Amino acid sequence: MAGIVLEHEVDWKGFRTAARALVSAEIPPADIVWSVCAEDDLFGAVTSLPPPTLELRLPRALVTLAETVIQAHAPARFALLYRLIWRTAQGERYLLEQITDPDVDRARRLAQSVRRDTHKMRAFLRFREVTTDGATSHVAWFEPQHYIVEANADFFVRCFAGMTWSILTPYRSAHWDGTALSFTAGASPKDVPDDDHLAEYWQVYFSAIFNPARLKIGAMLSEMPRKYWKNLPEAAAIPELIASAAARTQAMIDTPTLSPPRPTKRSHRPLPLPDQSSLAEARAEATQCRRCPLWASATQIVFGEGPTDAAIMLIGEQAGDQEDLAGRPFIGPAGQLLDRALQEAGLDRRQLYVTNAVKHFKFTPRGKRRLHQSPDASEIAACRWWLDIERANVAPAVTVLLGGSAGRAVLGRPVAVLRERGRPMPLPTEQRPQGVALLTVHPSFLLRLPDESAKIREYAAFVADLRTAATLVNNRSAAT
Ligand code: URA
């Protein structure tokens, strides 16, 4: 009998080296006992093997499967993987295609379970913010079913590269200090502080994206099983959201909507252009705007708001349903998400000038609802008149373009938001004032993302973009 002791639960390198040597020494699976060393037993009963004398060539699909299966919480996985490798080396080159083979079937099921666990970790891991001696870091507690921390740490580095964080799990903990990733032993939930103001963000965010009319409790529980709830701050909002769903849906149905009045010939006659550029006068003038047909179905114009000496101007796409009724930009669900992200980026909305590329709400009536429609290039061009006046008066150092319509309005061309986002861009040279533009996604994009992990990732990227805007302003103030 050969005894192989691996250094830790996902010691892929050790397993691969041992498997090579074992195949080369022609030791069959039945003659091997695999184990993982205890922490105090690093050099336990290891059989020393001669170096391999033949090169072991394995199909790529088998290596990929093995890299996943080794993360499974199943003590027999090493023996199973070695059996698959042994049989392949003995000539069963197409073994993985035999999906009814018991070994193949078992490995495929384990891999599927690991992938499911990976998805849950990416979707349901929540960081808590911790401040120690004035320094902020983030800590998350997660209880994976399998040994998936090592394989997923890079994912969290990519998503949260700008933060200092630790992910604690019962068997292993991962730490990112902003430059390097390290791993330590497992931890306990007690190691995670619970004074968490980020919890509030999750509750507001979840409540904002919760659509009572689409409530399907079964689907919700299968996507977000109860066992994860204890670590999900937003789960606290779920019972109330479910309980109030029927009443909120009825209220949505009962809310009267405005049907667009029929445009008259008169309504298309262009107004004389305003000959002043003071913001207050332009705001008053804009209430009569007929520069494009959108005024006819909207409740009112939604002009920008904020201090006229703001260093940062945020430009969205167009007023939404709630903005149209209230006459103020970004006060609906997208606005609430924006407010949270601004706060996390260290920006105070009261110090920013917030406006839209298009100042009237464009929508299609659908029953009693008004469905948002994106403005087209001609509507964006028509509304540039007002946007230019706002920009000339406010003269921001940094103009944050939230999404494609804002990008088109200011840069004068179609933009590829995901490709061009997050870096300062010069404004077209004919434009005054000069300053920089920074393109990022529109908050509604975040609200529409279908899966949790994408939401977390994209929200973090959005906050990072807003932080870049803050840094640009700070650097500018420091240089002047
Ligand atoms: N979306 C926008 O682009 N602007 C708003 O004011 C609201 C939603």
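Is the crossing of α12 and α13 right-handed or left-handed? I looked this up and found that the crossing is right-handed, taking right-handed to mean that the near helix is turned clockwise from the far one by less than a right angle, and left-handed anticlockwise.

**Ground rules.** I am working on a predicted model, in which local features need pLDDT of at least 70 and side-chain atom pairs count only at pLDDT 80 or more, while totals for chains, interfaces and linings use all residues. Residues are numbered from 1 along each chain as its sequence is written, and side-chain values use heavy atoms, with hydrogens and water left out. My element names follow DSSP runs numbered from the N terminus, helices being H or I of at least four residues and strands E of at least two.

**α12 against α13.** I found that the axes of helix α12 (residues 377-394) and helix α13 (residues 404-411) come within 9 Å and cross at roughly 65°; axes here are lines fitted to C-alpha atoms, for helices over the stretch in contact, and angles run from 0 to 180 degrees between N-to-C directions. That makes α12 roughly perpendicular to α13, since 65 to 115 degrees counts as roughly perpendicular, under 35 as roughly parallel, over 145 as roughly antiparallel and the rest as oblique. On the α12 side I listed Ala377, Ile380, Arg384, Leu387 and Arg391 in the contact, and on the α13 side Ser405, Arg408, Ala409 and Val410, contact meaning heavy atoms within 4.5 Å. These residues divide into five nonpolar, one polar and three charged, where Ala, Val, Leu, Ile, Met, Phe, Trp, Tyr, Cys and Pro count as nonpolar, Asp, Glu, Lys and Arg as charged, and the others, Gly among them, as polar.

**α12 against α9.** I then turned to helix α9 (residues 279-286), which packs with α12 at an angle of about 165°, the axes being 10 Å apart. That makes α9 roughly antiparallel to α12, and the crossing of α9 and α12 is left-handed. Here the contact is made by Leu279, Ala282, Glu285 and Ala286 of α9 with Trp386, Ile389, Glu390, Asn393 and Val394 of α12, and I sorted the residues of this contact into six nonpolar, one polar and two charged.

How do the strands line up in the five-stranded open sheet? I read the order as β9-β8-β12-β14-β13, with mixed pairing, two strands being paired if DSSP finds at least two bridges between them. β9 (353-358) and β13 (424-426) stand at the edges with a single partner strand each, so one side of each is left without a neighbour in the sheet. The twist averages 30° from one strand to the next. I noted that β8 (residues 312-318) and β12 (residues 398-402) pair in the parallel sense over four bridges, with leucine 314 bridged to valine 400 in β12, and that five bridges join β8 to β9, which run parallel, with glycine 316 bridged to asparagine 356 in β9. Seven of the seven residues of β8 are buried, so β8 is largely enclosed by the rest of the structure; buried means under 20% relative accessible area, exposed over 50% and partly exposed in between, with a 1.4 Å probe and protein chains only. α12 lies across β8 and β9, running at about 160° to β9.

**β1.** Lastly, I checked strand β1 (residues 2-6), where Ala2, Ile4 and Leu6 on one side and Gly3 and Val5 on the other are all buried. β1 pairs with β2 (residues 32-36) in the parallel sense over five bridges, and valine 5 has serine 35 as its bridge partner in β2.
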